[in-house]
There are 2 protein chains.
Amino acid sequence: MLSIALDAMGGDHAPDEIVKGAVEASARYGIEVVLVGDPEAIERHLPRSRPRPSVVPASQTIGFEESPAKAVLNKPDSSIMVGLRLVKEGKAAAFVSAGSTGAVVCAALFLLGTIEGIERPALCLIYSTPSGPSLLLDIGANADCRPEFLLQFAYLGSLYMKNVLGIPNPTVGILSNGEEAGKGNRLVRESYKLLKSSPLNFLGNVEGKDLFRGTARVVVTDGFTGNVVLKANEGFGEALFEQFAGQLKDGLKYRWAAFLLAPLLRAFKRRVDYSEYGGAPLLGVRGNVVVAHGRSRAPAIGNALRLACRMVEQGLPQALEGGGLNVSAGIGR
Amino acid sequence: MLSIALDAMGGDHAPDEIVKGAVEASARYGIEVVLVGDPEAIERHLPRSRPRPSVVPASQTIGFEESPAKAVLNKPDSSIMVGLRLVKEGKAAAFVSAGSTGAVVCAALFLLGTIEGIERPALCLIYSTPSGPSLLLDIGANADCRPEFLLQFAYLGSLYMKNVLGIPNPTVGILSNGEEAGKGNRLVRESYKLLKSSPLNFLGNVEGKDLFRGTARVVVTDGFTGNVVLKANEGFGEALFEQFAGQLKDGLKYRWAAFLLAPLLRAFKRRVDYSEYGGAPLLGVRGNVVVAHGRSRAPAIGNALRLACRMVEQGLPQALEGGGLNVSAGIGR
């Protein structure tokens, strides 16, 4: 099995929690991890015992506050660029980073390029709904989108659903502020027309509340809206959990109930905890790239590494390539 | 006390649930309601006993699928236009509708006009956070916004916080996909510059997760993003509640815990239930207007009527007028 390159310098808790996550994932899931970054900083957190993740040095680090395009051009030896070069050269099967999303997307575009018919890659979230798995994209790769981008995201999502998850003729919706045709901002209204005249199984507008009902298998949106929505849900879930858990601590009868309910509360917390998702696959580039949450600690990094392994097993990105993005046969009924 | 005009024909459950809500609110809270719409349809749902809400006839109805601007121009005798005319003529202190948001906004702009310095009104949500009340706007009046609109929303929100809730020098944030300056889509980046050079107490970008932490007292966004975010939270909360409540019904020990927890579960449901908010005030027009949720049933209509009464008691919209929107003294430290 090929190894997964991991950006040891990216994220709020780099390098310590990133290295810890790599060590735990190696031991627990047998994932072969290559840590990319400052060797001294990494070594400090590596255990002496073997087996240990290997290290590929990178002398530069890209921060969250840097302009992605400039940083990528000016820092060719940054952990993000070095890690993605390993993927490009076939030395790693995938790259995982909890660093600057913009820089990862820029560097992936620059080094790996996009698959046929795709101008911009999209970060996606795969989640479960009462009617099956759904896919929301873009959740943060492109803050400003053109209508053609949203059409391409719809193709990417549909091909993923069909070729990876085996769901024929997946339904597609566009995230909007109302269900009726004509609702939406300018981008949504123009993208709607493109989707309507495409061979995709387009349902029309879907609202935020439909996301979790599984109204559509694939929901497209621009990276700004997708990102804001997910982070708002994260915050809302946290606030609900804190309120609920806080009240449970008051009063004896609640404490007794909390004891009975412990397994349900754990399931609830899992559902609202970003670290369980692991990270978001960047679909549309010629290589496997996972963007992990900037707040990732060791367990989240472990989940991101597992997600990268799944993508390799699923045969991505080849499963999305040559899907005939320009012909209706590519999606197939 | 002046009466509140209520659109009897607007919403998914009009007119029966709307009329029922009016009757209950009259009896329970002593609110004097004027029902606007088709007299025959309204009469069918009115009780024979007195006191009963009065009726002002309107022969036309605007549907959710109609183009707002066209509908407003072509249907001068629609319940929305007739209701707002009552406000304009001083015959009602406020107007409440669960009908087409776009049509209500258009008609309010056309009939009432905006207060000084404001080009577009904004729908807002006032909610509680651990650090005090916060205000999010726009949550649906303007799908496409210019940077100046977001600046004006910030003024409206700040004046509301200061003049209505008595919070001096309220903090302002702009909803974005990252905290760092420079993050955001084009609209956010341009609005950021305007806000930065304004006399407002501008904190910078805030993320979705910050909404519920109360990082800023006033959070501005375009009506598309605000609407999608709120509806996604609504759906997320409903999904969590259903999952949790569903599991509680399984197994004897959970049922026992559910009994102990009943009050907490009710509080939880209230927190995620849109009908508790009642509706959203439309800030920035010369009159009191509340847009209720399209799915509103009688209890939600009752809450929307109460919200309208509170706005009248708070002295809106005068409290936002003459606040010197163009001079720093208007916000005042």
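1. Let's start with a term: a salt bridge is a side-chain nitrogen of Lys or Arg within 4 Å of a carboxyl oxygen of Asp or Glu. Searching the whole structure with that rule turns up 34 salt bridges over all chains. Between chain A and chain B the count is 6 salt bridges.

2. Some housekeeping before you go on. This is a predicted model, where local features need pLDDT of at least 70 and side-chain atom pairs count only at pLDDT 80 or more, while totals for chains, interfaces and linings use all residues. Residues are numbered from 1 along each chain as its sequence is written, chains are lettered from A and ligands numbered from 1 in the order in which they are written, and side-chain values use heavy atoms, with hydrogens and water left out.

3. Now look at where the chains meet. The contact (heavy atoms within 4.5 Å) takes 53 residues from chain A and 53 residues from chain B. Together the two chains bury about 5,000 Å², with 68% of it on carbon and sulfur atoms; buried area here is the accessible area (1.4 Å probe) that two parts lose on being put together, summed over both. The rule also finds 12 residue pairs in polar contact across this interface, both residues at pLDDT 80 or more. A polar contact is a pair of N or O atoms within 3.5 Å; within protein, one must be able to donate a hydrogen and the other to accept it, and residues adjacent in sequence count only if both atoms are side-chain atoms.

4. Which elements of chain A give two or more residues to the side that touches chain B? They are α7 (186-196), α8 (223-249) and α9 (252-272) of chain A, and α8(A) gives the most, with 19 residues. Helices (H or I, at least four residues) and strands (E, at least two) are DSSP runs, numbered from the N terminus.

5. Asp144(B) is partly exposed at 25% relative accessibility, and Arg189(A) is partly exposed at 31%. For those words, buried means under 20% relative accessible area, exposed over 50%, and partly exposed in between (1.4 Å probe, protein chains only). There is also a salt bridge between the side chains of Asp144(A) and Arg189(B), at 3.3 Å from N to O.

6. Glu238(B) is worth a stop too. Its side chain meets that of Arg213(A) in a salt bridge (3.1 Å, N to O). That pair crosses between chains, from Arg213(A) in the loop between β8 and β9 (218-220) of chain A to Glu238(B) in helix α8 (residues 223-249) of chain B. Glu238(B) also forms a salt bridge with Arg295(B), the closest N and O atoms being 3.4 Å apart. Arg295(B) lies in the loop between β11 and α11 (298-313) of chain B and Glu238(B) in helix α8 of chain B, so the pair ties together parts that are 57 residues apart in sequence. Salt bridges that share partners build one network, whose members include Arg213(A), Lys231(B), Glu234(B), Glu238(B) and Arg295(B).

7. Next, the nonpolar core: a set of buried Ala, Val, Leu, Ile, Met, Phe, Trp, Tyr and Cys residues joined through side-chain atoms within 4.5 Å. The largest has 211 residues, and Leu137(A) and Leu137(B) have the most contacts inside it. Among the residues that Leu137(A) touches, not counting those up to four places away in sequence, are Phe153(A), Leu156(A), Val219(A) and Leu283(A).

8. In chain B, have a look at strand β10 (residues 280-283). Are its faces covered or open? Both are covered: Ala280(B) and Leu282(B) on one side and Pro281(B) and Leu283(B) on the other are all buried. Strand β5 (residues 122-129) of chain B runs antiparallel to β10(B), joined by 2 bridges, and two strands pair if DSSP finds at least two bridges between them. β10(B) also pairs in the antiparallel sense with β11 (residues 289-291) of chain B. These two form a hairpin with 5 residues between them, and Gly284(B) in the turn has a positive phi of about 110 degrees.

9. Last, Ser134(B), in strand β6 (residues 132-137) of chain B. Ser134(B) is buried, with a relative accessible area of 0%. A polar atom of the Ser134(B) side chain lies 3.0 Å from the backbone oxygen of Ala216(B).
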